[in-house]
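Please look through the sequence and the model shown here, and then read on.

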Amino acid sequence: MDDYKFLFKVVLVGNAGVGKTCLVRRFTQGLFPPGQGATIGVDFMIKTVEVGNEKVKLQIWDTAGQERFRSITQSYYRSAHALILVYDISCQPTFDCLPDWLREIEEYASSKVLRVLVGNKIDREDREIPMHVGEEFAERHNMYFLETSAKESDNVERLFMQIAEDLMKQARMTNIPRYDPNSQNINDSTSNDSSCCSRLN
Amino acid sequence: MLTQMIIRKLFNLRNANKRNNLKLSQRCFSSHLPELTKNRYSVKRGNYAVLTEDHKQFFIDLLGSTRVITNPDECLSYNVDWIKNVRGYSTCILKPKTTEEVSNILAFCNDNRIAVCPQGGNTGLVGGSVPVFDEVVLSTSLMNKIYSINDTSGVLVCQSGCILENIDNALEEHGLMAPLDLGAKGSCHIGGNVSTNAGGLRLLRYGNLHGSVLGLEVVKADGEVIDLLSTLKKDNTGFHLKHLFIGSEGTLGIVTKVALQCPPKPRAVNLAFLGLQSFEHILRTLKRAKQELAEILSSCEMIDASTLDVCTDNLKLKSPLSQYPFYMLIETHGSNNEHDQEKLNKFLEDAIAEEYILDGTTTNEINKMKHIWDLRERITEGYTKDGYVFKYDVSLPIEKFYSIVPAMREKLANEDTVRISGYGHLGDGNIHFQVSAREFSQQLLKKIEPYVYEYTSDLRGSISAEHGIGFRKPKYIHYSKSSGSIKIMKQLKTMFDPYGILNPYKVLP
């Protein structure tokens, strides 16, 4: 096995069509696949990144946005280290649904999970949600905030790298050992990180 | 509510499969025909009667003219196997509806030394279900009655010509399902399944037909009907004769009725499709799947990159993953979706953490599951588009499961082949291994056989894990069976069929 020190599970959620799969593809494969069909069920992949001189593995779970394809839900939230909640800055309804997503997160995810709000598609001209609105929402709910463009590759690398760094910092503080497949929930042993409401940039 | 939804979805999936399989059988005879078997393999015709008009008249008197096919065009599809490997030239196809008719046909053929080739859905892959010369074909296609389904005991009793998928659909109304499932389900007959001991995609979970067949009715070569049609789960009275007819490929008798033990239909079905780097990782994933998914694991299949290409390139199916050297399909059947998904996600998470799995997707959405299963179930069909396919079906010790593919690639490095690849029932240690070429060539055949059988035998594997011996493999049976056991088989054959009229040139050397 590779000599990585940390392995974190990152789960992406949010309405259908906001660009979750494109964010993941951009980050893991450097691609922007046009005409991407709706995700059905859950897709997962691994990407190794380096933080400092340490190897960190991110296990990324890309979930279906459409309710009828979201049959597998609760159990993948449970052991997540970070949740990325995505909306489309050019589509008001995807922003309006955020409280519903938060309710689901509250219900199923660990309370210690790192939560990041992402406004995607900043390449688009027809913005409907001003940046400060997203920012305020994130602050109110103790989330990181970042705007991205999977198409133009804006902030995508930064999003995942920042998550990796932050989770590593958390893990170091609480001296978390390497991923242990026998422990059901790693998050339960992390301390609450008070830096949760700052912006990533 | 959820349960109902899943059941409804499963039903739709099944119908979709049916459509596919129909398409598949229609395509069968669209392109060129294989050479006559007797010429390609230089076989000598047995000392059987050549069919006369009097013989045909007897059959017409017995069955009526519509159930005796003599028109050469109509006979053709009964003479060629669907992967177009072999071709006979029978001029008489019989379609009995009852056991009594089968009995009369066989008694007549036995008295007149007329060779008979029993045929179900003709989906066999080793040339067992088509005539080699001019044998009369006894088709079970009109023996398609389901007699009873008991939803408490789970026992179904039916005629041997019932199509597997029709049985499954009938069982579904009773909350049950057939104990076997295979790609050919839309065409294959249960009698053929029994006669070949067909395995399929979920043998790992539901066992083989020696376990799930509770009883049979068979007709011996001389027309005598043997009633072994027990519907009891437990019955230790005397020799267990039914087993002789399971997997003996119609050489000892013709199966006319079947009693099957059927499991409850699962309320929760989940499927994962995974990309992996090496066969070593596949083994680790298999081990972990067995441990963590345990009683809900219903299927564990592997496909190598080159095999997946026959689906993506030849059939234009889309893979949900990017390219990896190996792929796995893991399915769960259970009664509680929440419980199953919890287990499946934990298993996947751990396997990703250990890096056995590099990429994957999991779902219980019916269309996506079907889409993924197509990548496995339509491989045989996709292969036929390469040209001629040399197909092998061997069991190997699990550690050596895939070793035959690189061994064969090395051996055939200088030959003109399209593809050398493997896929199959990982959980059962049964690999389907094939070499495709633009066309059949004796030279290539000689390079592959008997090497492939020697290789398998050296590892103490089976040279035919589930497809049977049929016409293609009798001379190789000794690689997997001792001379003592072959001798007993021959003695049994003589006892059941002294004139050798049942499915000659097949199974025994």
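## Surface and burial of chain A

The accessible surface of chain A comes to about 8700 Å² (Shrake-Rupley method, 1.4 Å probe), and 44% of this surface belongs to carbon and sulfur atoms. Of the 201 residues in chain A, 58% are buried (under 20% relative accessible area, 1.4 Å probe, protein chains only).

## Basis of the model

This is a predicted model, in which local features need pLDDT of at least 70 and side-chain atom pairs count only at pLDDT 80 or more, while totals for chains, interfaces and linings use all residues. Residues are numbered from 1 along each chain as its sequence is written, chains are lettered from A and ligands numbered from 1 in the order in which they are written, and side-chain values use heavy atoms, with hydrogens and water left out.

## Elements of chain A

Chain A holds six helices and six strands (DSSP runs of H or I, at least four residues, and of E, at least two, numbered from the N terminus). Their order from the N terminus is β-α-β-β-α-β-α-α-β-α-β-α.

## Packing of two helices

In chain A, helix H1 (residues 20-29) packs against helix H6 (residues 156-173) at an angle of about 80°, with the axes 9 Å apart. The two helices H1(A) and H6(A) are therefore roughly perpendicular (65 to 115 degrees).

## A residue of chain B

B:Glu173 lies in the loop between helix H6 (164-172) and helix H7 (190-196) of chain B. With a relative accessible area of 71%, B:Glu173 is exposed (over 50%).

Definitions and conventions
Axes are lines fitted to C-alpha atoms, for helices over the stretch in contact, and angles run from 0 to 180 degrees between N-to-C directions. Angles under 35 degrees count as roughly parallel, over 145 as roughly antiparallel, 65 to 115 as roughly perpendicular and the rest as oblique.
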